[in-house]
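Subject: Handing over a structure

Dear colleague,

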Amino acid sequence: MIINILAGILAVVAVVLVIYNMKLHKRVERVSNIKQKITNLSVVQDFMTTIGEDKTVDQKIKKINDILIERYEIKYSTIVVFDGAEYIIKASNVESKHWESLKSLQEVEMFKDSITTATPKYVTVNKEGERLPYQKSEFGRAKSAIFFPLYIDNVYIGYWIIESGTPHDFDNVDTTILEVIRDNIVSALKSVVHQKTLESMVRTDLFTGLPSEAYLYGEGRKIIDQYTTSTMCMFKIINLENINLERSRQLGNSVVTEVSKYIINNISTDYVFIRYMGPKFVIAFSGVDIQSVAEFLNDIKERVEKLKITEEGLIAEEEEELTEEEVPEEVPEKDENDKEKLEEDEEYVQPILNFVISSYYKGTGLEEVLLKLEDYLDNADSNESDINNI
């Protein structure tokens with residue numbers, strides 16, 4: 001009788017303990033999920049902070065990879081992106097001697113299926129001495145890995161692979177969490193696409209050596225936005241088209257070269273100077289008020305329009321006339337051939353410039369300011385040659 005009572009009590013205790021353990025497990029699981037969500041949110045915030053930093057796209061992707069390694073305690077993490085021509089490792093903490101195999105995973109049969117179906121692929125070895133299918137010569141570094149294909153708007157752009165030096169290390173990993181991380185990587189890559197496009201569009205103008213318009217919206221903006229207020233100036237060589245049509249394209253190119261060279265040599269290197277388009281140029285006077293710029297440009301305009309330019313380049317400034325006492329007693333006569341050559345050499349043109357300036361405030365639309373300046377110059381009277389503040 002007593003034994004039965006004790007057995008009943010033990011059974012009740014066992015049931016209570018089971019229920020308690022189940023509730024405890026759920027609480028632990030809930031706490032773990034909350035902790036994981038906090039970690040995920042924190043990582044997303046770190047991603048967004050990184051995207052907004054004053055760094056190149058490649059530097060941002062590398063920092064994002066470093067965040068993943070540190071916050072999720074991943075042994076090896078590698079982000080590979082297809083640039084339209086080849087696969088490039090954008091970030092990895094794996095030794096560079098292994099990069100050749102890591103950037104060729106799209107050729108491995110098991111990963112081809114993963115890319116096609118847009119699903120992760122988990123691979124591992126079962127014992128020492130084995131190696132993962134994609135490893136060509138390395139044995140000791142990685143024993144298990146998960147491959148994640150990356151897509152932006154359903155377009156395949158590359159992959160993310162995490163690796164461990166322990167076999168079956170990812171057996172019990174919650175892949176849904178890893179997929180959230182993958183989605184965060186994709187979001188970060190998508191956010192820097194525009195910046196990368198601008199960086200790749202920057203070109204150096206053939207005749208002036210100046211950067212193109214795209215530079216202004218990338219690296220140039222970083223310089224300008226170090227100040228709250230700056231002055232944007234756009235000027236146009238308004239007689240360039242006539243020089244090209246009535247004289248020669250070579251002479252027009254020489255005008256563009258010499259005008260830009262003169263201005264480069266007479267403005268501070270702190271200012272951003274670019275060839276905007278055709279006869280139009282832009283100078284960003286970083287941190288300078290509009291009144292000071294107007295006074296400076298009046299002087300520059302006056303001096304530039306005195307330049308005498310030939311197809312060969314700038315004619316040196318004429319020497320001052322000699323006084324009667326300074327005239328040599330004997331001046332050798334020039335023959336007719338020399339006279340004709342001198343007249344040919346003195347065929348030159350002088351540039352005519354039209355300037356327009358406007359204030360720019362940090363954080364506002366730089367593109368809109370430039371479009372406003374360009375619209376003014378394009379619609380100005382063909383004979384207008386002045387400095388206008390709009």
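The side chains of K62 and D66 form a salt bridge, N to O 3.3 Å, the term standing for a side-chain nitrogen of Lys or Arg within 4 Å of a carboxyl oxygen of Asp or Glu. Please note that this is a predicted model, in which local features need pLDDT of at least 70 and side-chain atom pairs count only at pLDDT 80 or more, while totals for chains, interfaces and linings use all residues. Residues are numbered from 1 along each chain as its sequence is written, and side-chain values use heavy atoms, with hydrogens and water left out.

K62 and D66 both belong to helix α2 (residues 57–71), where they sit 4 residues apart, about one turn of the helix; helices (H or I, at least four residues) and strands (E, at least two) are DSSP runs, numbered from the N terminus. K62 is partly exposed at 47% relative accessible area, given that buried means under 20%, exposed over 50% and partly exposed in between (1.4 Å probe, protein chains only).

The structure holds 11 salt bridges, and another of them joins the side chains of R221 and E367 (2.9 Å, N to O). This pair links distant parts of the chain, with R221 in helix α7 and E367 in helix α12, 146 residues apart.

In α12, L366, V369, L370, L373, E374 and L377 are buried. Seen down the axis, these buried residues fall within an arc of 130° (taken from the directions from the helix axis to the C-beta atoms), so they line one face of α12. On the other side of α12, E368, L371 and N379 are exposed.
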